[in-house]
Amino acid sequence: MKVRVARIGKPHGIRGEVTVQVLTDSPEDRFIQGAEFDVDPASHGSLTVGSLTVRSARWNKDILVLGFEEVADRNRAEEVRGATLFLDTEDVEDEDDEGWYEHELVGLEVRVDGKAAGSVSALQIMPAQDLLVVDTPSGEVLVPFVEEIVPEVDVEGGFIVVVPPPGLFELNSEPETRQGKEA
């Protein structure tokens, strides 16, 4: 299975380096010299690449700057802007059994107090904490993906347990359905 690990941003300097939006929780392990990533879309302007190989990786303040073997100058760097980098999870050894990939979570039933409340439709990777996007009958709910709120994830069983703070699942509901009170 291929998972998104980064999105290429704007060029940085004249040597073909680019900034990237990191979408993985372990960039220091993923973006090392020689690492190869699949690219989507594979065609950008006159540059057609199916994969990119990391030539260099460094941090500039809080921004990861990557150089690729296939991207020699700023013009080429501009052509790959906006592309998404993917990594094949079968090629990756996971030491941490505590985490899940987005494709493992999407489609899981969300249970609140033992009852189905919706299903996971996406995982948003955020700087402070990740968010589960949950589709409910009353709309989309963003659930902080932290142990206090999501104490159980059972991928094999097809569900997650959510212990929401008061009002989290009522935010998008109609005013008259909020426990009989007007908003």
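Me: How many bridges join strand 3 to strand 8?
Reply: This is a predicted model, in which local features need pLDDT of at least 70 and side-chain atom pairs count only at pLDDT 80 or more, while totals for chains, interfaces and linings use all residues. Residues are numbered from 1 along each chain as its sequence is written, and side-chain values use heavy atoms, with hydrogens and water left out. Strands are DSSP runs (E, at least two residues) numbered from the N terminus, and two of them pair if DSSP finds at least two bridges between them. Strand 3 (residues 36–40) and strand 8 (residues 84–88) run antiparallel, and the number of bridges joining them is three.

Me: Which residue in strand 8 is the bridge partner of Asp40?
Reply: Strands of a sheet pair through backbone hydrogen bonds, either parallel or antiparallel. Along this pairing, Val39 stands opposite Leu85. For Asp40, the bridge partner in strand 8 is Thr84.

Me: In what order do the six strands close into a barrel?
Reply: Strand 3 also pairs with strand 6, in the antiparallel sense and over three bridges, and there Asp38 stands opposite Ser51. Six strands close into it with antiparallel pairing, in the order 1-2-7-6-3-8. Neighbouring strands of this sheet are turned against each other, direction ignored, by an average of 50°.

Me: Which residues make up the covered face of strand 3?
Reply: In a regular strand the side chains alternate between the two faces of the sheet. The uncovered face of strand 3 holds Glu36, Asp38 and Asp40, whereas the covered face holds Phe37 and Val39.

Me: Is Phe37 buried or exposed?
Reply: The cut-offs, which use a 1.4 Å probe and protein chains only, are under 20% relative accessible area for buried, over 50% for exposed, and in between for partly exposed. Phe37 lies in strand 3, and, leaving out residues up to four places away in sequence, Phe37 touches several others, including Val5, Phe31, Leu52, Val54 and Leu85, where contact means heavy atoms within 4.5 Å. Its relative accessibility is 1%, and Phe37 therefore counts as buried.

Me: How far apart in space are Phe37 and Thr84, C-alpha to C-alpha?
Reply: Thr84 belongs to strand 8 and is buried as well, at 16% relative accessibility. Apart from its neighbours within four places in sequence, Thr84 is in contact with Arg4, Ala6, Arg7, Asp38, Val39 and Asp40. Although Phe37 and Thr84 are 47 residues apart in sequence, their C-alpha distance in space is 9.3 Å.

Me: Which residue forms a salt bridge with Glu17?
Reply: A salt bridge is a side-chain nitrogen of Lys or Arg within 4 Å of a carboxyl oxygen of Asp or Glu, and the structure holds five of them. For Glu17, the closest N and O atoms are 2.8 Å apart, and the partner is Arg58. Glu17 lies in strand 2 (residues 17–22) and Arg58 in strand 6 (residues 51–60), so the pair ties together parts that are 41 residues apart in sequence. Glu17 is buried, with a relative accessible area of 12%, while the value for the partly exposed residue Arg58 is 35%.

Me: How far apart are the closest N and O atoms of Arg111 and Glu109?
Reply: Arg111 is partly exposed, at 29% relative accessibility, and Glu109 is likewise partly exposed, at 29%. These residues form a salt bridge, and the distance between their closest N and O atoms is 2.6 Å.

Me: What is the phi of Lys61 near?
Reply: Most residues other than glycine have a negative phi, and most peptide bonds are trans. Lys61 is found in the loop between strand 6 and strand 7 (63–68), and Lys61 is exposed, with a relative accessible area of 75%. Its phi is positive although the residue is not glycine, with a value near 60°.

Me: Where is Asp113 placed?
Reply: Asp113 also has a positive phi, near 55°, in a residue other than glycine. With a relative accessible area of 74%, Asp113 is exposed. Its place is in the loop between strand 9 (109–112) and strand 10 (115–124).

Note on methods
Helix = DSSP H or I, 4+ residues; strand = E, 2+ residues; numbered from the N terminus. Axes fitted to C-alpha atoms, helices over the stretch in contact; angles between N-to-C directions.
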